[in-house]
Every structure is written in structure tokens, then in C-alpha cells.
Amino acid sequence: MSDGSHWMHRVSPGATLRWTVLFIGGLIMITPLLYMFSSSLKPGADIYDLRLIPARATLDNYRAVLSDGRFMRWFLNSTFIATCVTLSTLFFDSLVGYTLAKFRFRGRQLVFIAILSTLMIPTEMLVIPWYLLSAQLGWIDSYWGIMFPGMMTGFGTFLMKQFFETVPDDFLEAARIDGLSEFAIWWRVAMPLVTPALSALAIFAFLGNWTAFFWPLIVTTSQELYTLPIGLSSFAVEAAIKWEMIMTGAALATIPTLIVFLVLQRYIVRGVMLAGLKG
Amino acid sequence: MARIQISDLIKRYGKAEVIHGIDLDIADGEFVVLVGPSGCGKSTTLRMIAGLEDISGGTIRIGDRVVNDMPPKNRNIAMVFQNYAIYPHLSLRKNIGFGLHTSPLSAAEKDRKVDEVAALLGLTPYLDRRPAALSGGQRQRVAIGRAMVRDPQAFLFDEPLSNLDAQLRAQMRIEIKELHNRLGTTIVYVTHDQVEAMTMADRIVVMKDGHILQTGTPMEIYDRPQDVFTARFIGTPSMNIFRASEGADGFAPDPAGTALIGIRPQELRVAADGPTSLTAAGPVTVVETLGPETLVHFRPEGMDDALIATAPAHDIPHVGAQVTARAAPGALHLFDPKTEVALGRR
Ligand SMILES: Nc1ncnc2c1ncn2[C@@H]1O[C@H](COP(=O)(O)OP(=O)(O)O)[C@@H](O)[C@H]1O
Ligand SMILES: [Mg+2]
């Protein structure tokens with residue numbers, strides 16, 4: 001590799017082009033994010049100074065946002081809601097996915113198609129029935145009202161079904177002969193074998209709920225129940241739009257998603273390794 | 001330990017009947033091998049004994065209880081699968097311990113049992129490791145260990161050696177056989193490999209298309225196959241089966257002959273003399289030197305398929321050379337040309 005001509009030979013024009021395109025793509029993706037961080041470091045007066053590197057950097061915005069009780073409240077709301085919904089999704093989607101993948105029963109195909117068909121209806125269309133349902137049952141302006149639509153998802157069920165189908169029946173039958181209950185077979189044998197899928201689903205579910213905007217906006221009325229995206233956007237409708245506050249709040253809001261991703265990503269890799277060893 | 005009695009066992013998947021009423025009585029402590037080509041219903045039969053498949057008709061008794069509607073865990077049988085069914089996320093100790101899931105023993109006693117079984121199978125050094133680093137043979141040993149810890153009434157094996165290479169397969173055959181000698185537990189073993197059946201079984205059950213064709217000790221089946229299928233299926237290389245006609249000095253191959261006869265390659269000798277019940281001659285097409293002896297493929301005039309005969313190790317004919325092979329009286333198998341049922345030996 002120390003040989004210069006050898007090195008030259010390895011980088012073909014095609015590869016250079018590919019890397020350039022990818023680099024530009026990456027730059028386009030990351031610029032708004034950098035801009036967000038940069039703005040969060042600018043004093044309010046400089047916010048329309050569009051330089052990427054702040055002329056005067058300060059942590060005042062962070063101090064202000066973190067000491068604002070409302071922000072912490074919204075942050076905790078979002079954390080609570082996204083965590084509950086993610087756990088519920090993981091549990092129910094994998095339970096139903098497993099049942100559809102590993103049991104033969106009358107109407108199985110019908111159930112599966114019904115679940116799949118929910119994937120084709122956009123949220124915007126579902127919001128009205130959700131709202132009517134919530135109004136009927138008194139769920140408006142409650143945590144449960146925000147959470148219930150996401151407690152189980154068609155997409156997750158489909159994903160888990162596909163993964164459970166790759167688990168050899170031998171694994172389950174051996175446990176059945178050893179006397180495990182059907183629930184224990186699912187929980188102790190099948191679930192550990194699909195950790196990559198569970199991790200991926202957890203990331204999707206958490207991100208989706210953390211950033212959810214439309215439904216929480218509609219179903220909540222009191223500030224105490226706002227999730228972070230709703231709360232941050234409410235900064236924008238106050239007397240003067242405080243961009244530096246919104247940017248700072250948004251910057252802080254990315255932290256949990258990064259943590260979830262970094263933690264679960266390991267399991268995806270490890271899970272793939274585990275799955276590869278059965279032969 | 002238990003006797004397993006199967007009578008008039010039927011299995012249907014929807015409208016398709018795949019097991020057509022089989023009867024089998026397996027004695028306490030017997031090692032029975034179900035053998036037959038892929039798709040003949042061996043696994044289905046075994047899985048019905050285990051309770052993993054519902055029974056469409058007939059009865060299965062284990063010990064003195066009818067188990068038709070008993071869930072697998074209550075049958076006190078253990079099963080070893082082709083894919084080992086070892087859980088990659090658990091240590092070997094936990095994997096083997098799965099077999100004791102329903103056992104009333106205390107945790108310490110369970111540990112002691114696992115240790116005991118692991119020692120027996122040479123797995124002690126790996127007990128606290130995950131299965132990732134194990135070889136195929138060791139994995140199958142773990143699966144056997146998991147079956148053994150329970151002291152089941154019977155072991156069921158479904159093609160447990162199919163994923164192993166030839167050398168390991170030969171070694172594991174012996175290990176399983178030794179295990180049976182030591183434990184004395186009833187074993188029902190499924191395989192499509194007739195070598196496994198011949199080498200391991202107390203009794204072989206030959207299956208085809210959901211029927212039992214023949215049951216008997218390995219030598220009974222080898223010496224007296226009841227039809228052409230079994231004759232071809234058991235023994236390597238396969239028995240030569242061909243049309244022949246009878247003349248003054250015994251049979252000779254004849255595509256238009258009225259007799260259907262079989263002769264094992266080991267009993268059709270090249271350049272042999274003495275009393276003769278069959279003579280066949282033709283040009284050599286292929287020679288396979290095995291070491292102790294040589295297999296000679298030759299094609300008698302007018303025949304589509306070559307016959308296989310045996311020549312002494314160091315007397316190897318050339319391809320293309322004309323050879324004559326003979327069989328001694330008593331070596332021939334006669335079959336009915338229409339029904340392919342055995343008519344006796346000559
Ligand atoms: N779940 C099933 N549904 C329908 N047919 C099946 C099913 N399982 C097995 N069969 C059929 O039953 C027959 C016997 O299968 P099996 O017992 O697995 O054969 P073997 O183990 O001897 O190879 C085959 O023809 C197979 O196609
Ligand atoms: Mg099979």
C-alpha cells in the first residue's frame with residue numbers, strides 16, 4: 001500500500017465520482033443540522049446573521065431553555081410517550097407477527113391482509129376517526145389520547161412477521177417438547193433470535209413518536225400535555241418568534257434520538273452476527 | 001423407557017393423505033430406524049409420535065398410555081433435530097438445561113445433571129460458553145445432551161447427522177450407538193441414509209410413499225428384501241436388477257427375458273469359477289478401485305444399463321475389455337416382473 005502508483009491505481013474515476021456525489025449528498029443532509037446548532041449558539045440579536053460560524057458564540061440560549069420549566073415538561077412528556085409507545089409496539093407487533101408467521105389457523109391470511117391494508121391509509125385520513133373516537137371515550141387532552149394510535153402498527157407487525165419466518169421451526173418445536181408454554185417459546189426462544197429486527201423497529205418507533213407533530217397537536221389542548229415538537233412550535237406563535245430558542249430546543253431534542261440510535265445500533269450488528277451462526 | 005405401539009396410523013394434510021395406516025410395535029429399549037427416500041413420511045410419523053403433529057387416524061401408545069391427544073411435554077420423550085435447535089443467545093449450560101424446564105428438581109440438582117451429561121458427551125470445557133465457536137459435531141452433541149438430561153422414556157432423532165460431513169457422520173453414528181448401549185433407552189431414528197440404518201439399527205423399518213414396506217433386522221432386510229424397491233435401497237452399491245432368461249447353465253441377462261432378477265455387486269464376481277447360477281459378460285465401461293476390491297461396471301449386449309460386479313483388488317480389467325462375471329447358487333434374488341415382489345432366492 002505504500003507504493004504510490006498502486007494507490008493511484010485503486011482509485012478509479014468511477015469511485016471518485018461516487019464519493020463526490022455521496023459527499024455532496026451528505027453535505028446537503030447535514031447543513032440544516034449544523035445550521036441549527038450554529039443558530040442555537042448565537043445571541044438573539046445575531047439570529048439573522050446567516051454565517052455558519054457564529055460571530056459571538058454563547059450558551060445563554062441553552063441556559064434560558066433549560067431553566068424554562070415548560071421545556072423540561074415537554075421533554076419529559078415526549079420521553080414518556082415515545083418510550084411507552086415504543087415498548088408497546090415492540091410487544092404487540094412481535095406477538096402478532098410471530099403468530100402470523102408460525103401458526104396456521106383459519107382466517108390467518110385475512111388478518112394479515114387487513115393489517116397490511118392499514119399501511120396504505122395515510123395518517124391525515126385517520127386523524128378524523130381517531131379524533132371522533134377520542135372525543136367519544138374522553139381521551140382528548142390526555143397521555144393515552146396521544147399514545148393510543150401508535151400502540152400497535154401495521155408496519156411493525158409486517159416487519160416482525162417477515163423476520164419470525166426466518167426462525168427455523170426446529171428451534172420452536174424443541175422448546176415445545178421440553179415443555180415450555182407457547183408464550184414462553186415466543187418470549188424466551190423466538191424473541192432473542194430476532195433482536196436485529198426488534199432494534200430496527202425500536203428505532204423507527206421511537207423516532208416516529210419523538211417527532212410526531214400532527215396528531216399530538218390536534219389531540220392536546222393544555223400546555224402541560226404538549227410534546228416537544230408542539231411545545232417548540234408554540235414558541236413560534238408567541239408575540240415575537242424567538243428563533244434562537246426554537247433552534248436551541250430543537251438541538252436539545254436531537255439528543256435522545258441520537259442516544260437511542262447509538263445504543264440500539266449495536267444490537268442490530270450483534271443480532272446479525274447471532275442470526276448468522278445457526279447453520 | 002417404554003414400548004411404543006403404533007396401530008393403523010393415518011395422517012392427512014387437508015385432503016391429501018400422506019401416511020396410509022401404518023402399524024409398528026417398538027419394543028422397550030429397541031433402536032428402530034425409519035428409513036426411506038425423502039418425502040416418504042418418516043418425519044411426519046416421528047412428529048406424530050412426539051406430539052408435534054395431530055393424528056388423523058389410528059392410535060399411538062407410549063408405555064401403556066394412549067397418547068393420541070396428549071401434548072408433547074407430557075409424553076416424556078426427547079427429540080433431536082437436524083438443525084440441532086441450539087439457541088445462539090444462551091450458554092451451553094442453559095441450552096442443555098432447557099431439557100429440564102418442567103423438571104421439579106432444584107436449581108443445584110439441575111446443574112449437577114447438566115454437568116453429568118456434559119461430562120458424558122465431552123462438553124464440560126465449553127459449558128459456560130455460547131455455541132458460536134462449536135463445530136457441527138459438538139453442536140449435535142449439545143442437542144443430544146439437552147435430550148438426555150431429562151431421562152426420557154424414548155429418544156426421537158430426525159436426520160440428526162445430515163448436516164455433518166462424512167467423517168463426522170461416521171464418528172457420531174458410533175457415539176449414538178454407544179449411547180444407546182449405555183442408556184438402553186428406546187430410540188426411534190429417522191434417516192434417508194441406508195448406511196446409518198444398517199449400522200445403527202436393531203430393527204430397520206423401510207418406508208415408501210406413506211407405507212411401511214418391510215421391517216426386520218439389518219441382515220434380514222439385506223438378505224431378504226421383500227421387493228425391488230427395498231432391494232435397491234439397502235446396500236451399496238445398489239443391487240443390480242435386470243431382466244434375464246434361464247438357460248442350461250443358469251440365468252443370463254436378456255432384455256426380453258421373462259424373469260426379473262437381482263444380484264448384489266459383491267456377489268457378482270469377475271473371473272470367478274465354481275458352481276454358477278448367473279453368468280453375464282460384456283465390455284467394461286467404468287472401473288472404480290476401492291482398495292480392498294474393485295467395482296467393475298460392464299454392459300451385457302442389448303442392455304441399457306450397466307451391471308456392477310466385483311473384481312479382486314489387484315486384478316483390474318481395462319475399460320473396453322470383455323469381462324465375464326458369475327454369481328454362485330443362492331446369491332440370486334428373484335422378483336415377480338409385474339408386482340416387483342420378491343419370489344425367493346436361487
Ligand atoms: N405441513 C404439511 N402440509 C402438507 N403436506 C406436508 C406437510 N408436511 C409434510 N407434508 C407432506 O407429507 C409427506 C411426507 O413428508 P415428510 O414426513 O416430511 O417426509 P420425510 O421426512 O420422509 O422426507 C411429503 O409428501 C410432504 O410433502
Ligand atoms: Mg424428514
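Is B:Glu17 buried, partly exposed or exposed? In this predicted model, B:Glu17 counts as partly exposed because its relative accessibility is 34%, which lies between the limits of 20% and 50%. The side chain of B:Glu17 is joined to that of B:Arg12 in a salt bridge, with N and O 3.5 Å apart. B:Arg12 is likewise assigned to the partly exposed class, at a relative accessibility of 38%.

Over all chains, 23 salt bridges were counted. Side chains of opposite charge can pair when their charged atoms come close. Within chain A, one of these pairs links A:Arg70 to A:Asp68, at an N to O distance of 3.0 Å. A:Arg70 has a relative accessibility of 27% and therefore counts as partly exposed. In chain B, a salt bridge of 2.9 Å, N to O, connects B:Glu53 with B:Arg47. Both partners of this pair fall under the 20% limit: B:Glu53 is buried at 16% relative accessibility, and B:Arg47 is buried at 14%. The pair belongs to a network, formed by salt bridges with shared partners, that comprises A:Glu173, B:Lys11, B:Arg47 and B:Glu53.

The contact between the two chains involves 19 residues of chain A and 25 residues of chain B. About 2,100 Å² is buried between chain A and chain B, and carbon and sulfur atoms account for 62% of this area. Between the chains there are 3 salt bridges. One salt bridge, between B:Arg150 and A:Asp178, has its closest N and O atoms 2.8 Å apart. Polar contacts between chain A and chain B number 7 residue pairs, with both residues at pLDDT 80 or more. On the side of chain A that touches chain B, the elements contributing two or more residues are α9 (169-177) and α10 (182-193) of chain A. The largest share of that side, 7 residues, is supplied by α9(A). Sorted by class, the side of chain A that touches chain B consists of 11 nonpolar, 2 polar and 6 charged residues.

Helix α9(A) is mostly covered, with 7 of its 9 residues buried. The buried positions are A:Asp170, A:Phe171, A:Leu172, A:Glu173, A:Ala174, A:Ala175 and A:Ile177. Elements of both chains take part in covering these residues: α4 (69-102) and α10 of chain A are included, as are α1 (42-50), β6 (77-80) and α4 (136-148) of chain B. After α9(A) comes A:Gly179, which has a positive phi near 95 degrees.

Helix α4 of chain B contains B:Arg146. With a relative accessible area of 6%, B:Arg146 is classed as buried, since this value is under 20%. Beyond its neighbours within four places in sequence, B:Arg146 contacts A:Ala174, A:Ala175 and A:Asp178 of chain A, and B:Ala85, B:Tyr87, B:Asn95, B:Ile96, B:Phe98 and B:Gly99 of chain B. A polar contact of 2.5 Å is made between the side chains of B:Arg146 and A:Asp178. A:Asp178 is also the salt-bridge partner of B:Arg150. The C-alpha atoms of B:Arg146 and B:Leu92 are separated by 9.3 Å in space, while the two residues are 54 residues apart in sequence.

The largest nonpolar core comprises 81 residues, and those with the most contacts inside this core are A:Phe164, A:Val189 and B:Ile60. With residues up to four places away in sequence excluded, A:Phe164 touches A:Ser94, A:Gly97, A:Tyr98, A:Ala101, A:Lys102, A:Trp186, A:Ala190, A:Met191 and A:Val194. Another core of 40 residues lies apart from the largest one and includes B:Ala78, B:Ala143, B:Ile204 and B:Phe233.

A:Thr248 has a relative accessibility of 0% and so counts as buried. A polar atom of the A:Thr248 side chain lies 2.6 Å from the backbone oxygen of A:Glu244.

Key. Residues numbered from 1 in each chain as written. Chains lettered and ligands numbered in written order. Predicted model: local features only at pLDDT ≥ 70, side-chain atom pairs only at ≥ 80, totals over all residues. Heavy atoms only, no water. Contact = heavy atoms within 4.5 Å. Buried area = accessible area lost by both parts, 1.4 Å probe. Salt bridge = Lys/Arg side-chain N within 4 Å of Asp/Glu carboxyl O. Polar contact = N/O pair within 3.5 Å; in protein donor to acceptor, adjacent residues only side chain to side chain. Helix = DSSP H or I, 4+ residues; strand = E, 2+ residues; numbered from the N terminus. Nonpolar A, V, L, I, M, F, W, Y, C, P; charged D, E, K, R; others polar. Core = buried A, V, L, I, M, F, W, Y, C linked by side-chain atoms within 4.5 Å. Buried < 20%, exposed > 50% of the residue type's maximum accessible area, 1.4 Å probe, protein only.
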